[in-house]
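Open the model in your viewer and keep the selection tool at hand. We will go from stop to stop, and at each one you will hear what to select.

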Amino acid sequence: MISLAGRDIMHAWGKFVFTGMGLGLLIGVTLSMAGIYRGMVDDGKALLDNSGADLWVVQKDTLGPYAEPSSIYDDVWRAIRGIPGVARTANVTYLTMQVRQGERDVRTLVTGVTAGGAGTPGWPPYLVAGRQITRGHYEAVADIATHFKLGDRLQIRRNHYTVVGLTRRMVSSSGDPMIFIPLKDAQEAQFLKDNDAIRQQRRRTAENPAFNRPQVPGLLDSVIASQNTNQYVNAVLVQLAPGYQATEVADSIRRWKRLTVYTRNQMEEILIGKLIATSAKQIAMFLVILSIVSAAIVAFIIYTLTLGKIREIAVLKLIGTKNRTIAGLIMQQAIALGIIGFVVGKISATLLMAPIFPKHVLLEPLDSVIGLVAVILICILASLIAIRAALKVDPAEAIGG
Amino acid sequence: MAGKGIHIEGLKKRYGKGDTAVDALKGVNIQVAPGEVVGLVGPSGSGKSTLLKCLGAVIEPTSGRMVLGNDTIYNDGWKVRDLRALRRDKIGFVFQAPYLIPFLDVTDNVALLPMLAGVSNSEARKRALELLQSLDVEARAKAMPAQLSGGEQQRVAIARGLVNRPPVILADEPTAPLDSERALAVIRMLNDMARRFETAIIVVTHDEKIIPTFKRIYHIRDGVTYEEAGEGREIL
């Protein structure tokens, strides 16, 4: 038996291809939306992977350092380092801010890292150009997504930094590229006040009789000095010694240091389940809406194509064609339209939309397979209306009268 | 295969119920022998289309008896179970407009019927080409319907009606869109095919050009048929 659907498509291929292309652009947007969600998850995982940590020690009862603010003393790491199972510890600060370079500024996640080298928790694990930070101040390593170049001078707060290294895929959970600077600089940048604010604070402190006691010389100066230094970091990153379980070490830190500790799995759950949950829901809603719109378009197109063939369908029924054959003709055309649309959509998402989209778009092969199955299912469902209309056609219409 | 041709006895068809009921056919009697071509003539609203639909097994008569070939189709309320297969295998249709499937070429338009009946593609195409040859359109076998003239399309439609060698062919105004010469050519073709395949053919028409060619004519008026001897003029 010849394929009636195939013959009809070949006969009117232009109509099918152009309709498929229109549908394909819509499918391309749908695939891109899924890619944006995957990209967000991937960014979150990249942030965790690149930190090189097995445990995150943060302020008690907070979801820090990525999903909530967290402040702990910068000497806590020493105590944590002494707990069995801990191989390495490192302070870290995170501050999302605009970093100025010449006339332009870029939104980045400024990360303060302790002295060390590649492999130290918090440090970029690899560079694509230049070198790691070797000085205690005013050097920076930037992600290439910032479009900074080696030797560029950056302004963070009042200080200037020189880009000495470039890295890749170091991004925050929201996709902002990271800039690594020495920890002390980052601590200063987090709490740095302007001159007027410092003067105001000194005046208020001096007016407080509790701090300004003539009988205790040097007290006021000590209080003012302590107000102008920052002894906090956002988290302590911990690497485990071989043979230790993350949960077991985390329990020890919780018990003895009264701090909140997250394992890699828990941190991933916070990032994906809480931090990007709203965005994920928005994307899911868009996916549902786009799927419904795609289904409606396929249904409308197939219905219109079927109505245009009512006379032929009546003739086919009159000459004894089974309902199954007629339903197959319509359903196969709907599926063919979906496949044309999917191919166009996949190509447009991969070659057109993903490269120019300002966020990381990750098109997973499995998502494409799921997308293809979903498109075919939607096309089958959408063709049911047209099939119903075709099966209602009275063969007597071919006879007329 | 040819069997008894067409045998219709006391065929009635009523639409609706109660006060609004309309009797479209009030008692139709028709006999067409295998190899014979008869005309069915009647004014608009006479019940012609209803009769054609009953003959085509598209609608069910209210009562009466209808035999096509060797098969009793209806007999006072009883009917053949699979009317779709009956239409495919036992009845050939030729319409006023050819109604060819626009996305199939000439050969496949004709071969589609045997394919639907389960005949292999190659065998169905072979049968189709033989018929197209006998109707003198084999040169257009690969053409699409839109590329054919009106006369060629009608010949292809006749080939489609004949391809399953049905015992009965129903031709509904087959010459309406054609000029005299082509109309007579179509009737000649139908006569030739009827003789060759022992097929009983009913041609519904009000085309004055072809009515004199029938040896027998059935007139239908107010749902009742009347038989009349035709001129049976020779078509040259």
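**Before you start**

This is a predicted model, in which local features need pLDDT of at least 70, side-chain atom pairs count only at pLDDT 80 or more, and totals for chains, interfaces and linings use all residues. Residues are numbered from 1 along each chain as its sequence is written, while chains are lettered from A and ligands numbered from 1 in the order in which they are written.

**Stop 1**

Select residues 323-356 of chain A, which form helix α11. Helices here are DSSP runs of H or I with at least four residues, strands are runs of E with at least two, and both are numbered from the N terminus. The expected span of a helix is 1.5 Å times one less than its number of residues.

**Stop 2**

Next, select helix α2 (residues 13-51) and helix α8 (residues 264-275) of chain A, whose axes come within 10 Å and cross at roughly 145 degrees. Axes are lines fitted to C-alpha atoms, for helices over the stretch in contact, and angles run from 0 to 180 degrees between N-to-C directions. Which residues make the contact? From α2(A) they are Val41(A), Gly44(A), Lys45(A) and Leu48(A), and from α8(A) they are Arg264(A), Met267(A), Glu268(A), Leu271(A) and Ile272(A). Contact means that C-beta atoms, placed from the backbone, lie within 7 Å.

**Stop 2: another crossing**

Move on to helix α5 (residues 195-207) and helix α6 (residues 219-227) of chain A: their axes also come within 10 Å and cross at roughly 145 degrees. Show Gln201(A), Arg202(A), Thr205(A) and Ala206(A) on α5(A), then Leu220(A), Val223(A), Ile224(A) and Gln227(A) on α6(A), to see the contact.

**Stop 3: a residue in a strand**

Pick Asp105(A) in strand β4 (residues 104-113) of chain A. Asp105(A) is partly exposed, with 13 other C-beta atoms within 10 Å; a residue is buried at 20 or more such atoms, exposed at 12 or fewer, and partly exposed in between. Leaving aside neighbours within four places in sequence, Asp105(A) is in contact with Gln98(A), Val99(A) and Arg100(A).

**Stop 4: two arginines in loops**

Most residues other than glycine have a negative phi. Select Arg157(A), in the loop between β7 (153-156) and β8 (159-167) of chain A: its phi is positive, near 55 degrees. Arg157(A) is partly exposed, with 17 other C-beta atoms within 10 Å. Then find Arg165(B), in the loop between α5 (150-162) and β8 (168-172) of chain B. Phi of Arg165(B) is also positive, near 50 degrees, and Arg165(B) counts as partly exposed, with 16 C-beta neighbours inside 10 Å.

**Stop 5: where the chains touch**

Finally, show both chains: 19 residues of chain A are in contact with 24 residues of chain B. On the chain A side, α1 (4-11), α10 (310-318) and α13 (396-399) each supply at least two residues, and α10(A) gives the most, with four.

Conventions
Contact = placed C-beta atoms within 7 Å.
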